[in-house]
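Reader: Please present the model, and then let us discuss its side chains through questions and answers.

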Amino acid sequence: MTNAPALIGTWADALWAIRFYQNHGFRVVGPERKDRLLQRYWNVPPRQMEASVVLADDTWWKLNETA
């Protein structure tokens, strides 16, 4: 367990994975912010970015509420 903020990237069609993370306190990041996060922290092609979602934990949201 860590107190550091956590981001999770997965396929938008992987509804089971999204539900799993949501059940553990993660929330889906909006599309514009998602694209910025994918560009900053992942190395994925544009098509994969379109088909992906990013989820963030409460620690991340608290640090980025106004960002």
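Author: Buried means under 20% relative accessible area, exposed over 50%, and partly exposed in between, with a 1.4 Å probe and protein chains only. Helices (H or I, at least four residues) and strands (E, at least two) are DSSP runs numbered from the N terminus. The model is predicted: local features need pLDDT of at least 70, side-chain atom pairs count only at pLDDT 80 or more, and totals for chains, interfaces and linings use all residues. Residues are numbered from 1 along each chain as its sequence is written, and side-chain values use heavy atoms, with hydrogens and water left out.

Reader: Which exposed residues does the face of α2 turned away from its buried side carry?

Author: The buried residues of α2, which spans residues 31-41, are R33, K34, L37 and L38. They lie on the same side of the helix because their arc around the axis, taken from the directions from the helix axis to the C-beta atoms, covers only 135 degrees. The face turned away from that buried side carries E32, Q39 and R40.

Reader: Against which elements do the buried residues of α2 pack?

Author: Contact here means heavy atoms within 4.5 Å. The buried residues of α2 pack against β1 (7-11), α3 (46-50), β3 (52-56) and α4 (58-64).

Reader: With which residue does K34 form a salt bridge?

Author: A salt bridge is a side-chain nitrogen of Lys or Arg within 4 Å of a carboxyl oxygen of Asp or Glu, and the structure holds two. The closest N and O atoms are 3.3 Å apart, and the partner of K34 is D35.

Reader: What is the N to O distance in the salt bridge of R47 and E50?

Author: Both residues lie in helix α3, three residues apart, about one turn of the helix. An α-helix has 3.6 residues a turn, so residues three or four places apart point the same way. R47 and E50 are exposed, and their side chains meet in a salt bridge with an N to O distance of 3.7 Å.

Reader: Which residues do ring pairs link into a cluster?

Author: Rings of Phe, Tyr and Trp (its six-membered ring) pair if their centres lie within 6.5 Å; planes under 30 degrees apart count as stacked, over 60 as edge-to-face and the rest as tilted. The count comes to three aromatic pairs, among them F20 and Y21, edge-to-face at 5.2 Å centre to centre with 85 degrees between the planes. Y21 and F26 have ring centres 5.6 Å apart and planes at 75 degrees, so that pair is edge-to-face. The cluster linked by ring pairs consists of F20, Y21 and F26.

Reader: Which backbone nitrogen does the side chain of D57 reach?

Author: D57 sits in the loop between β3 and α4. D57 is buried yet has no salt bridge, and the nearest side chain of opposite charge (Lys and Arg count as positive, Asp and Glu as negative; His and the chain ends are not counted), R27, is 8.5 Å away. Leaving aside residues up to four places away in sequence, D57 touches A4, P5, A6, G25 and F26. At 3.1 Å, the D57 side chain reaches the backbone nitrogen of A6.

Reader: How far is the backbone oxygen of W60 from a polar atom of the side chain of N64?

Author: N64 belongs to helix α4 and is buried, with a relative accessible area of 18%. The distance from the W60 backbone oxygen to the polar side-chain atom of N64 is 2.8 Å.

Note on methods:
A polar contact is a pair of N or O atoms within 3.5 Å; within protein, one must be able to donate a hydrogen and the other to accept it, and residues adjacent in sequence count only if both atoms are side-chain atoms.
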